[in-house]
Amino acid sequence: MSAPFKRSSAKHHVDEHLEELARLADTAGAQVVGTLTQQLDRPHPGTYLGSGKVEELKLRIQELNATLVIFDDELSPAQSRNVEQIVHTRVMDRAELILDIFATRARSSEARMQVELAQLSYMLPRLTRMWTHLEKMRGGIGMRGPGETQLETDRRLIQHRIRVLKERLVDVERAREIQRQQRQTHFRVALVGYTNAGKSSVLRSLADDRDVFVEDRLFATLDPLTREVDIGEGYTALLTDTVGFIRKLPHHLVASFRATLAEAREADLLLHVIDATHPAWEEHRDVVDGVLTELGLSDRPLLYVMNKMDALPAENETAIRERVANLIPNSLFVSALAEGGLDGLRAALRESLRSQRPVLEVRIPASNGRLIAEVHRDGEVLDQSTDEDTIVLRARLDERAIGRLRQAGARVTVTQSVTRPRSVLAEAGVPLP
Ligand SMILES: Nc1nc2c(ncn2[C@@H]2O[C@H](COP(=O)(O)OP(=O)(O)OP(=O)(O)O)[C@@H](O)[C@H]2O)c(=O)[nH]1
Ligand SMILES: [Mg+2]
């Protein structure tokens, strides 16, 4: 069931949106037997749809023997209850369906906690509204019946559980934070994008790891997964796969997946993977950019990666390349499945690594062991030599580390050459290859 507003852009995408809803339903284990749409000026406060449409819906349900109605739009608790009462069938909205999918797909304890938190947060205001509704029906202030008491108790239990989950998730985030600090020396890249765009496939191919889970279903990945990948010319990067986004992602989910998405927040570079074969790829891109903004990630360095180029019909390719060149220049065209389809991505990663982490010469008094250790911890040390009482390190460092070192009194200068000068290595007594 989809009911876009007449003046919205959504009305041009009704078919795509319903198709996506059908895929979501399929992922949740439901079988779609029919669809219904209505263009609305504004939703009916009581039933969302107009009354004629609700009757039509009721008839269709009887004809098709449907047991569930899924709305692509968000219904208020009262609206879903009213429609349910008229059509005598369970009514669900899109947010509930997505939460349901996440609940069945969550495997790790972290993902399960995040989903439970989102579900409870979704339920809580609905309980409250139900409670007010009951009160109105009985028409009385100060008429505390058993129903209210029960709801109050439920609400308190849920609030307590929400607090517990939030605390546990803070612990998880702390543990991850420590892990991330240990990884600071690496160039870190996070894959983000619309669900099913091929993020996991990119990781699977770059890491050459068959164990990375890939599936032609929505929300195949819920937990972040990090692999060290070889990006050529002796460089490596830590690549993290993350949960996919979708249109109208329930904001409770976005909020509770913050810990998971912290990987993306800490990354040196975001790769926004887009399924170039999808007719609605431009809308997908907007949705993902919107969620990234919501998460406070819009200022991170980002590269758009048009994926599945192997599957694009030849006659569409020129048009897409032109459109992308105009809309988002500097984007990459890749294929996670085709032989050599990620070579361009590897090269782009190397270039980004070189520009974000220049090779520097750091001079530190030999007596300052703590600072020397810091360079080893925060940067990738290429070589180290001694100049009288000074230790000279050549290392790849990011801006944050450079700032810290300068403040602590180290002399930091950029060395132009990217390759290791052989003479320095020889002086430092390092055997030449
Ligand atoms: N033809 C083609 N198919 C691809 C390519 N990359 C991914 N796919 C397919 O697209 C589907 C989704 O791939 P995934 O890697 O699971 O997508 P994802 O972005 O990780 O999806 P979620 O984890 O669900 O958000 C799978 O059936 C892949 O085989 C590609 O470059 N070309
Ligand atoms: Mg995935």
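1. Start with helix H1. His17, Glu20, Leu21, Leu24 and Thr27 are its buried residues. Viewed along the axis of H1, they sit within an arc of 115°, so they line one face of the helix. The model is a predicted one.

2. H1 runs over residues 14-27, 14 residues in total. From first C-alpha to last, H1 reaches 20 Å, close to the 20 Å expected at 1.5 Å a residue. Its buried residues pack against strand S1 (68-71) and helix H4. After H1 comes glycine 29, with a positive phi near 95°.

3. Now the overall build. The protein has 15 helices and 12 strands. It has 433 residues, and 32% of them count as buried. Take the contacts between residues at least 6 apart in sequence: 68% of these join residues at least 24 apart.

4. The largest nonpolar core holds 70 residues. Ile98, Phe102, Val189, Leu191, Ala237, Ile274 and Val305 touch the most other members. Helix H4 (residues 94-105) gives the most to this core, contributing 6 residues. There is also a second, separate core of 12 residues, with Ile364, Leu393, Ile402 and Leu405 among them. As a general matter, nonpolar side chains in soluble globular proteins tend to be buried together.

5. Neighbours within four places in sequence aside, alanine 237 is in contact with His186, Phe187, Val189, Val229, Ile231, Leu349 and Leu353. Two of these partners, Leu349 and Leu353, are listed among the buried residues of helix H12.

6. H12 covers residues 343-356. With 14 residues, H12 reaches 20 Å from its first C-alpha to its last, close to the 20 Å expected at 1.5 Å a residue. Its buried residues are Leu345, Ala348, Leu349 and Leu353. These lie on the same side of H12, because they cover an arc of only 135° around the axis. On the other side of H12, Asp343, Glu351 and Ser355 are exposed. The cover over the buried residues of H12 includes strands S3 (188-193), S4 (225-232), S5 (235-241), S7 (302-307) and S8 (332-333).

7. Which residues are closest to ligand 1? They are Gly198, Ser200, Asp216, Thr221 and Gly244, out of 23 that surround ligand 1. By class, the shell has 8 nonpolar, 10 polar and 5 charged residues. Helix H7 (residues 199-207) gives the most to this shell, with 3 residues.

8. Arginine 156 lies in helix H6 (residues 146-182). Is arginine 156 buried or exposed? Arginine 156 is exposed, because 10 other C-beta atoms lie within 10 Å and the cut-off for exposed is 12 or fewer. Leucine 124 is 32 residues from arginine 156 in sequence and 9.6 Å away in space, C-alpha to C-alpha.

9. Arginine 300 sits in the loop between helix H10 (281-294) and S7. Arginine 300 is partly exposed, with 17 other C-beta atoms within 10 Å. Leaving aside neighbours within four places in sequence, arginine 300 is in contact with Ala267 and Leu270. Leucine 269 is 31 residues from arginine 300 along the chain, and their C-alpha atoms are separated by 6.7 Å.

Definitions and conventions:
Residues numbered from 1 in each chain as written. Chains lettered and ligands numbered in written order. Predicted model: local features only at pLDDT ≥ 70, side-chain atom pairs only at ≥ 80, totals over all residues. Near = placed C-beta within 6 Å. Helix = DSSP H or I, 4+ residues; strand = E, 2+ residues; numbered from the N terminus. Nonpolar A, V, L, I, M, F, W, Y, C, P; charged D, E, K, R; others polar. Core = buried A, V, L, I, M, F, W, Y, C linked by C-beta atoms within 7 Å. Buried ≥ 20, exposed ≤ 12 C-beta atoms within 10 Å, placed from the backbone. Contact = placed C-beta atoms within 7 Å. Expected span 1.5 Å × (residues − 1). Arc of directions from axis to C-beta.
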